[in-house]
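Here is a short tour of one protein model, written for a reader who likes to check each stop by eye. Please keep the viewer open as you read.

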Amino acid sequence: MTVQVTTTADKKEILEKIARNLLEERLIACAQIVGPVKSIYWWRGKIEEDEEFLCIMKTKLELFDLVERKIKELHPYEVPEIVGTNIVAISEDYEVWLKEETKNRMNI
């Protein structure tokens, strides 16, 4: 199974560093960084608004825990967004490519 993992940060450079690290370790096959986006959320009892960037990454479900651990290690936020969503439909060619690009990690 494949998953799409998202995280946000207030600086694009933070997400670029995270994405490159995850790519180099073969934990993800690709990442897209978009933004800025406006984030509105609860934090410490009040509603906050910030400009952030969004990073969308694709990987295998079996690698999610390692991806999560690495994002937490590299991310400056106290509680970074780390959301994995199962991809329920994916083109066969893209899925083969994704698995190939992450196969050197754990042979999964």
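Tryptophan 42 lies in strand β2, which spans residues 30-43; helices (H or I, at least four residues) and strands (E, at least two) are DSSP runs, numbered from the N terminus. This is a predicted model, in which local features need pLDDT of at least 70 and side-chain atom pairs count only at pLDDT 80 or more, while totals for chains, interfaces and linings use all residues. Residues are numbered from 1 along each chain as its sequence is written, and side-chain values use heavy atoms, with hydrogens and water left out.

Let us begin with exposure. Buried means under 20% relative accessible area, exposed over 50%, and partly exposed in between (1.4 Å probe, protein chains only).

| Residue | Relative accessibility | Class |
|---|---|---|
| Tryptophan 42 | 62% | exposed |
| Glycine 35 | 43% | partly exposed |
| Tyrosine 94 | 30% | partly exposed |
| Tryptophan 97 | 33% | partly exposed |

Leaving aside residues up to four places away in sequence, glycine 35 touches Glu52 and Phe53, where contact means heavy atoms within 4.5 Å.

Now turn to helix α2 (residues 64-74), where Phe64, Leu66, Val67, Lys70, Ile71 and Leu74 are buried. These residues cover an arc of only 160° around the axis, so they sit on the same side of α2; the arc is that of the directions from the helix axis to the C-beta atoms. They pack against β1 (2-9), α1 (12-24), β3 (46-60) and β4 (83-86). The face turned away from the buried side of α2 carries the exposed residues Arg69 and Glu73.

The last stop is helix α3 (residues 92-102), where tyrosine 94 and tryptophan 97 are three residues apart and therefore separated by about one helical turn.
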